[in-house]
Amino acid sequence: MTVREGSLEAPTRHPLDWLNPAFYDEKECFDEMERIFDICHSCRRCVSLCGSFPTLFNLIDDGQTGELDGVDRKRYWDVVDQCYLCDVCYMTKCPYVPPHPWNLDFPHTMLRAKAIQFKKGTPTTFRDVTLSNTSANGKLATIPVVVQAVNAIAKIKPARALGEKLLGVHKDAWLPEYTSAVFEKHAKRSSDHPVQNGARSLGKVAIYSTCYVNWNEPGIGHDLIKVLEHNEIPYILVEKQACCGMPKLELGDLDSVAALAKKTLPQLAALARQGYAIVTPIPSCTLMFKQELPLMFPNDADAQAVKAAMFDPFEYFQLRHKDALLKTDFKQGLGNVSYHVACHLRVQNVGQKTRETLEMVPNTAVNTVERCSGHAGTWGVKKEFHETALKIGGPVFRQMAEHPQAAEGGGLPDFIASDCQLAGHHIEQGMAGKGAGKVAHPLSLLARAYGL
């Protein structure tokens with residue numbers, strides 16, 4: 001019996017069997033990696049996506065046999081370390097994912113290996129755990145006086161060089177600043193608008209602001225509120241938020257992911273059952289609640305309720321637009337916008353709703369770039385990966401700088417934007433000064449277009 005080449009069905013995902021002791025069996029995990037790597041070697045369709053696939057194929061090509069059997073299994077860890085769980089290979093490239101009988105899940109196999117690696121411990125464990133403690137870092141770093149010191153030190157070259165040596169954070173990598181004007185403490189309360197449910201969209205919103213918006217760039221959250229207010233959509237803020245868990249997931253620290261889920265899921269599920277659309281302005285956090293937590297807790301009613309109620313902001317706005325409930329009284333064109341589609345938004349399979357919304361604005365030309373920027377959260381700032389992150393993002397940097405409608409200024413856009421603000425700043429750095437001062441989150445651009 002032959003197995004057909006590729007699959008025409010939409011990808012499906014099996015639950016993550018992380019509570020099974022066999023999940024942490026290193027030999028079983030390596031046996032599965034060997035099976036998957038051999039299939040990848042025969043296909044090589046994903047060679048341009050990230051560092052994992054070129055690393056794997058180089059190991060094979062440089063081996064004595066030119067096949068996978070010529071690669072020492074210990075070198076599989078080199079492939080694992082290059083994976084930052086963007087999920088693009090699974091959701092957009094691989095023809096052998098379920099329901100194909102070969103049942104190939106590259107990113108979740110890498111996650112399994114990372115979970116084994118985390119339990120064993122690595123020389124960089126302290127650095128990795130510290131970077132992934134986003135809420136704790138934010139609470140500490142945003143204390144008045146402390147925040148000024150933290151931001152100042154991050155700009156001092158000798159201090160950054162010392163940080164690279166002691167902590168393993170690359171001295172040249174862009175790092176976000178912290179703010180003492182924390183979003184959840186300064187967010188404007190909603191006006192008393194009536195709830196208008198549409199056929200496709202719920203009429204009230206609960207804002208899960210995310211660690212990044214809360215502690216680093218609260219302006220994104222304030223712009224989201226401005227847009228909701230302008231469209232007369234009542235909203236509330238999710239109170240006393242905990243991290244979504246994505247930084248811990250990327251590290252393989254699944255126990256910490258579960259501990260955070262115990263804090264977030266009951267509160268969010270209660271809001272979902274009250275008829276709120278839960279909106280998150282950072283795609284990685286949205287994906288965590290839409291995909292990863294439901295796969296970790298497939299029988300948890302709260303996880304499934306939150307999954308159904310969770311929306312990317314522009315996904316929500318386009319649903320409102322289809323319900324004829326989104327205002328289009330734009331006051332200001334945005335000019336030439338180079339827009340990057342973040343990987344964790346692409347794999348949500350909602351389409352390019354941000355692009356569709358920005359293109360509704362008159363006197364706006366959107367240059368859309370759909371390729372990984374290479375930043376990948378904390379991965380791209382680490383000493384051993386930062387140069388690779390810049391290399392992966394190279395094609396994106398070039399395409400973002402070459403807006404086809406910008407005849408003057410060498411094709412440079414008026415704005416560069418990404419739904420992932422970390423990617424936006426990484427792109428700005430990779431553009432070697434060409435994007436200086438041009439980074440604007442799409443929510444901020446939408447607020448600007450409304451004249452808010």
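Let me start with a term: a polar contact here is a pair of N or O atoms within 3.5 Å, where, within protein, one must be able to donate a hydrogen and the other to accept it, and residues adjacent in sequence count only if both atoms are side-chain atoms. Keep that in mind for aspartate 223 and serine 444, whose side chains are joined by a polar contact of 2.5 Å.

Before I go on, the housekeeping. This is a predicted model, so local features need pLDDT of at least 70 and side-chain atom pairs count only at pLDDT 80 or more, while totals for chains, interfaces and linings use all residues. Residues are numbered from 1 along each chain as its sequence is written, and side-chain values use heavy atoms, with hydrogens and water left out.

Back to aspartate 223. You'll find aspartate 223 in helix H12, residues 218-230; helices are DSSP runs of H or I with at least four residues, numbered from the N terminus, and strands are E runs of at least two. Is aspartate 223 buried or exposed? Aspartate 223 counts as buried because its relative accessibility is 13%, and the cut-offs are under 20% relative accessible area for buried, over 50% for exposed and partly exposed in between, with a 1.4 Å probe and protein chains only. Not counting residues up to four places away in sequence, aspartate 223 touches Leu443, Ser444 and Ala447, where contact means heavy atoms within 4.5 Å.

Okay, cores. A nonpolar core is a set of buried Ala, Val, Leu, Ile, Met, Phe, Trp, Tyr and Cys residues joined through side-chain atoms within 4.5 Å. The largest one has 124 residues, and Phe37, Phe106 and Phe317 touch the most other members. Helix H14, residues 254-273, gives the most to this core, with 9 residues. There's also a second, separate core of 9 residues, with Val396, Met400, Ala401 and Ile427 among them.

Staying on helix H14 for a moment, that's where threonine 264 sits. Threonine 264 is buried because its relative accessible area is 2%. Leaving aside neighbours within four places in sequence, threonine 264 is in contact with Tyr208, Ala242, Cys243 and Phe289.

Now phenylalanine 106. With neighbours within four places in sequence set aside, its contacts are Ile36, Phe37, Cys40, Ser52, Phe53, Val79 and Cys89. Some of those names come back in the cavities.

So, how many cavities of 30 Å³ or more are there? The count comes to 3. A cavity is a set of points, on a 1 Å grid over the protein atoms alone, where a 1.4 Å probe fits but cannot get out, and lining residues have an atom within 4 Å of a point. Grid points are joined across faces, edges and corners, and a volume is the space filled by probe spheres set on the points.

The largest cavity holds about 100 Å³. Its lining has 14 residues, with Cys40, Cys43, Cys46, Phe53 and Cys94 nearest the centre. Helix H1 (26-43) gives the most to that lining, with 3 residues.

The second largest cavity is about 90 Å³. Its lining includes Phe53, Cys89 and Phe106, and helices H4 (88-93) and H5 (106-120) each supply at least two residues.

Last stop, isoleucine 143, in the loop between helix H7 (134-141) and helix H8 (146-153). Isoleucine 143 counts as partly exposed because its relative accessibility is 39%.

Terms used: 1 Å grid on protein atoms, 1.4 Å probe; cavity = no way out; pocket = protein on both sides within 12 Å on 5 of 7 lines; lining within 4 Å.
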